[in-house]
Amino acid sequence: MRDHRPQTTGDILEETGLNNIQQRAMALSQLNKAVKQHVNGAEHCRVSNYRQGILIIETASAAWSMRLNYERHQLLMKLREKLLPKLQDIEIKVNPALAAIQEQKQNKTPDIVQKPISDVAAQHLLATAATAPDKVKKRLERLAQLAMKKDSNE
């Protein structure tokens, strides 16, 4: 016979194994914070994984990978001392996607705002289109028509 009593979320997490995933994610987050405290230019790297005594750190470029390799021994000693006494080695991998993510964070540009074409600009476009080749002429005339449509809509 089935047990239809309500279960706590803790029980459900234990049954599905999600509890272990959550604990692992929190541990990796804590490791990431510790690494960032000890590394200069920490925004260019992140802790990717920790398995079998090996800490895997991702970097944005090969240059940052070399830089971290120079600091590897000191970082290894600090992490063994404070967090991971069983840490055997640090493996550094280059992940170019990390650089793209950082670039997006730094270049938070607002959405592109289209400025309206003025009547004077439309007249200049039409004047330029008169002497332009056919392909360019059609495009310039279409741009000028956008200004005219804007005026009729207002």
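Trainee: Is Glu58 buried or exposed?
Mentor: Buried means under 20% relative accessible area. In this predicted model, Glu58 has 16% relative accessibility, so Glu58 counts as buried.

Trainee: Which strand does Glu58 lie in?
Mentor: Glu58 is part of strand β2, residues 54-59.

Trainee: What does the side chain of Glu58 join in a polar contact?
Mentor: The partner is the side chain of Asn95, at 3.2 Å. Now look past the sequence neighbours within four places. There, Glu58 is in contact with His44, Cys45, Arg46, Ser48, Lys93, Asn95 and Leu98.

Trainee: How do I read a helix?
Mentor: An α-helix has 3.6 residues a turn, so residues three or four places apart point the same way. Now take α3. Its buried residues include Trp64, Leu68, Glu71, Leu75 and Leu79. Ser65 and Leu76 are buried there too.

Trainee: What span should helix α3 have?
Mentor: Helix α3 covers residues 62-82, which is 21 residues. At 1.5 Å a residue, the helix should span 30 Å. The end C-alpha atoms are 28 Å apart, which agrees.

Trainee: Where does α3 bend?
Mentor: At Glu71, by about 55 degrees. Glu71 is also one of the buried residues of α3.

Trainee: How many helices and strands are in the chain?
Mentor: Six helices and three strands. Along the sequence they run α-α-β-β-α-β-α-α-α.

Trainee: What percentage of the chain is buried?
Mentor: Of the 154 residues, 25% are buried. The accessible surface is about 12000 Å², and carbon and sulfur atoms hold 53% of that surface.

Conventions
Residues numbered from 1 in each chain as written. Predicted model: local features only at pLDDT ≥ 70, side-chain atom pairs only at ≥ 80, totals over all residues. Heavy atoms only, no water. Helix = DSSP H or I, 4+ residues; strand = E, 2+ residues; numbered from the N terminus. Buried < 20%, exposed > 50% of the residue type's maximum accessible area, 1.4 Å probe, protein only. Areas by Shrake-Rupley, 256 points an atom, 1.4 Å probe, with all protein chains shown as cover. Expected span 1.5 Å × (residues − 1). Bend = angle between axes of the 7 residues up to and from the residue. Polar contact = N/O pair within 3.5 Å; in protein donor to acceptor, adjacent residues only side chain to side chain. Contact = heavy atoms within 4.5 Å.
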